[in-house]
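Dear colleague,

Please find the structure we discussed below. My notes on it follow directly after.

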Amino acid sequence: MSGTIGKAGRWFVAAWTVGAWAAVGCVVLVPSICSADDAAGVRFFESKIRPVLVKHCYECHSAESGKSKGGLRVDSRDALRRGGDSGPAVVPRSLERSTLYAAVLYGEDGSQMPPKGKLPEPVVADVRRWIEMGAPDPRVTEVAPAVRSEIDVEAGREFWAYRPVAKPTPPRATPWARTPIDRFVAASHVAQGVTPVADAEPGALVRRLFFVLTGLPPSPEDVAAWTARLDGAAWDDREEVVVALVDELLASPRYGERWGRHWMDVARFAESTGGDQNNVYQHAWRYRDWVIDAFNDDMPFDEFVKAQIAGDLLPIASDEEWGRNLVATGFLTIGVKLVGEEDQQKFFADLVDEQIDSTTRAFLGTTVACARCHDHVFDPIPQADYYALAGIFRSTETHFGLLKAHARQATTLVDASGLGLPAGTPALDGRERARLIAERDEARARLDDAMRRIRSGENVFRGALRRLRSQRDETEAALQAYDPDGTARVLVMGTQDRDFPLETRLLVRGEIDQPAQVVPRGLMQVLTPRGRSRLPRTVEGSGRLQLAEWIASEQNPLTARVMANRVWHWMVGRGLVRTTDDFGRTGDRPTHPALLDYLAARLVENDWSVKSLVREIALSRTWQLSSNHHEENFAVDPENAFLWRAHQRRLEAEAIRDAMLAVSGDLDLDRPVGTYLREVGEGGVGQNVFEPVIRGIVTTTRSVYLPRVRSVLPESLELFDAPDAGLVSGVRETTSSPLQALYLMNDPFVQERAGGFAKRLADAPAAGRVDRAHLLVFGRPPTERERRLGQAFLAGGGDLTSYCQALFCTAEFQLLD
């Protein structure tokens with residue numbers, strides 16, 4: 001099923017009937033007062049239709065029963081007209097479009113209700129007559145009184161995070177400070193009574209730069225070359241060397257893989273829905289690759305923001321650009337979804353809530369979703385602001401895919417064939433296509449046979465019927481993924497605007513059946529000029545473009561601050577605001593507020609270049625400090641909040657795995673085409689897709705390309721605290737458990753890497769193997785004691801592979817000084 005994308009003039013796979021049910025408001029049932037003209041119709045409904053619905057339908061399709069099978073409820077007029085998975089159940093005066101009528105006819109399409117047997121012909125005739133007369137139904141809606149907010153938004157504007165960013169003048173220069181960043185930090189040293197420790201040793205600095213910027217260890221040759229240039233250099237000369245190294249690393253494709261992975265934590269990137277069924281997203285990998293390319297290309301962060309929220313609506317210069325922008329909107333599609341939810345209206349509300357929460361946390365560091373049920377308890381965000389944003393996302397079609405056979409809630413994907421994107425799937429040859437056609441035809445035939453047996457009065461187990469429909473849908477979907485010539489279609493997770501914006505009502509306590517006043521689409525009041533938070537009614541489309549432009553504006557006080565803080569966190573190991581995803585009253589205050597505003601202003605001044613900000617931080621003396629302990633400083637500032645030394649931190653799970661691959665010589669730096677989940681198939685984990693199959697995927701590519709199925713992360717990532725992507729995760733936990741040590745000692749992956757490491761050392765002279773091992777693993781030569789112990793172990797018949805694995809198990813291998 002396909003159609004045009006309106007003004008964009010592109011083709012896409014049309015959405016399922018989400019719009020039909022999403023457009024209807026929420027209801028509270030009360031008797032209506034009918035006019036004299038309606039009285040006959042209402043009497044007909046009450047005497048002929050309502051009793052049939054109560055007797056045969058309410059058991060599976062009503063609020064009273066707590067069920068809405070197929071997403072359908074029949075206990076209100078609006079619910080009937082909204083319909084379920086198959087579309088509107090009743091369309092007044094249209095028998096052809098009323099799926100309820102088709103079901104009671106017991107047609108051959110498999111939609112047959114009630115399931116226990118066909119209704120008598122006179123009852124079917126009554127349903128027909130009722131629909132033809134306009135489907136009168138007195139079960140209409142009542143709107144709750146308007147909800148008023150008690151939040152003082154004007155007072156809320158005075159909170160530090162909501163004040164405009166004003167670039168501060170750096171404090172007075174000191175002999176220690178080399179850059180403006182250092183001058184802010186030096187002022188805090190004086191104020192807190194701490195003294196900065198010595199600069200990092202050249203070898204430690206080189207290793208730090210490699211890991212922080214690329215996520216990979218330097219080779220011994222890199223360490224030797226750069227350390228020789230740094231040793232004994234005066235500060236000005238040292239700065240030139242560091243600039244050269246930083247620029248080299250920023251230009252490496254490895255930078256985008258490392259920093260793109262940082263953003264994917266924030267974007268809650270995963271390749272499955274999570275939730276109740278955890279269905280696999282077969283096309284999420286496109287967003288992953290787009291993020292990596294964006295960081296490598298140093299896409300200005302304001303453009304990065306707009307592409308992810310409204311890429312499909314941005315001006316374009318080519319089809320290829322439109323294709324890339326469409327992929328960027330995958331940000332809005334990859335979140336957790338309860339795709340087994342029977343109630344479509346609830347599913348839609350939860351989908352919109354997840355999009356609001358992820359968008360505002362990721363870009364604004366603000367927990368707007370806390371205002372879904374009432375005014376925000378801590379921050380100046382009225383409940384109406386939540387529903388103003390909800391109106392924007394409700395007016396958006398979210399194409400996340402899945403098959404109806406596997407998930408009650410599913411949509412199609414956007415067909416982006418011809419827009420310059422890789423297919424990600426090999427083409428079919430004639431024999432393979434013929435096989436798919438044969439499988440599809442066989443599945444259809446088996447289902448048709450079952451339906452004939454049902455019509456003849458034979459009992460067919462409903463579970464078997466569901467399985468046959470699933471097989472038909474799966475084989476049809478497999479065939480539809482290719483053009484007739486066998487070329488793979490380019491399918492994309494992304495967003496599109498609805499034809500018309502949907503009216504959105506505030507929900508009392510967030511309850512779907514308690515609607516209050518209509519809320520115009522709009523933005524957060526506390527971050528907009530007074531009286532200008534709501535979008536004019538003349539705004540066409542969903543309003544996502546206006547939302548994206550507002551978030552990405554220089555005038556927005558949060559966007560640049562939040563991203564500058566994220567960059568500082570990724571560089572230093574701890575944000576100036578430690579709660580990177582919460583700049584509200586329950587979050588931490590900045591330890592260096594003036595420095596944060598300086599960094600935010602610099603980000604904007606440099607055309608929103610993240611690489612420029614990374615470079616500026618890396619060149620500061622603050623960032624180049626050693627991690628040495630200092631007893632007096634520790635007594636004053638045990639958490640190093642005021643940056644008197646570098647934060648020692650454990651490497652992330654991906655960096656530990658990638659470092660083992662690099663040291664062993666096994667690392668494959670080529671980007672895989674598509675996803676490793678292609679071969680596991682479609683469906684839910686534990687139903688159609690099985691966890692051992694996912695965990696059995698073995699590859700030596702970088703960890704950023706590993707399958708990211710929610711709740712089924714690769715063990716190497718799960719044990720070392722990689723997030724499960726249920727929520728925005730700007731800060732990873734760092735735990736220490738016996739399971740980590742057991743993994744490093746016993747896992748076949750680690751043992752194979754140790755074997756590869758040993759083979760590399762076998763080529764070196766026996767007397768130099770310990771030195772070479774330490775240079776590969778730690779980026780430094782061994783101490784005399786380490787050399788003596790290592791040589792004694794190997795000379796005494798110790799296994800070289802065991803020695804290599806022991807080095808992987810050390811704390812130093814996992815830590816970054």
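S358 lies in helix α15, which covers residues 344–364; helices here are DSSP runs of H or I with at least four residues, strands are runs of E with at least two, and both are numbered from the N terminus. With a relative accessible area of 3%, S358 is buried (buried means under 20% relative accessible area, exposed over 50%, and partly exposed in between, with a 1.4 Å probe and protein chains only). Its side chain makes a polar contact with the side chain of E354, at 2.9 Å. A polar contact is a pair of N or O atoms within 3.5 Å; within protein, one must be able to donate a hydrogen and the other to accept it, and residues adjacent in sequence count only if both atoms are side-chain atoms.

Please note that this is a predicted model, in which local features need pLDDT of at least 70 and side-chain atom pairs count only at pLDDT 80 or more, while totals for chains, interfaces and linings use all residues. Residues are numbered from 1 along each chain as its sequence is written, and side-chain values use heavy atoms, with hydrogens and water left out.

Because 13 of its 14 residues are buried, α11 is largely enclosed by the rest of the structure. At its start, a side-chain oxygen of S252 comes to within 3.0 Å of the backbone nitrogen of R254. Just after α11, R268 has a positive phi of about 45°.

G573 follows α20 and has a positive phi, near 105°. In the loop between α20 and α21 (593–605) lies V577, which counts as buried because its relative accessibility is 0%. The C-alpha atoms of V577 and G587 are 8.0 Å apart, although ten residues separate them along the chain.

Two other loop residues deserve a note on phi. Most residues other than glycine have a negative phi. D298, in the loop between α12 (285–296) and α13 (301–310), has a positive phi near 50° and is partly exposed, at 22% relative accessible area. W608, in the loop between α21 and α22 (610–618), has a positive phi of about 60° and is buried, at 4% relative accessibility.

As to strands, β7 (residues 396–399) is covered on both faces: T396 and T398 are buried on one side, and E397 and H399 on the other. Strand β10 (residues 494–497) pairs with β7 in the antiparallel sense over four bridges, pairing being assigned where DSSP finds at least two bridges between two strands. T495 in β10 is the bridge partner of T398.

Finally, L742 is located in helix α27 (residues 738–746) and counts as partly exposed, with 41% relative accessibility.

Yours sincerely
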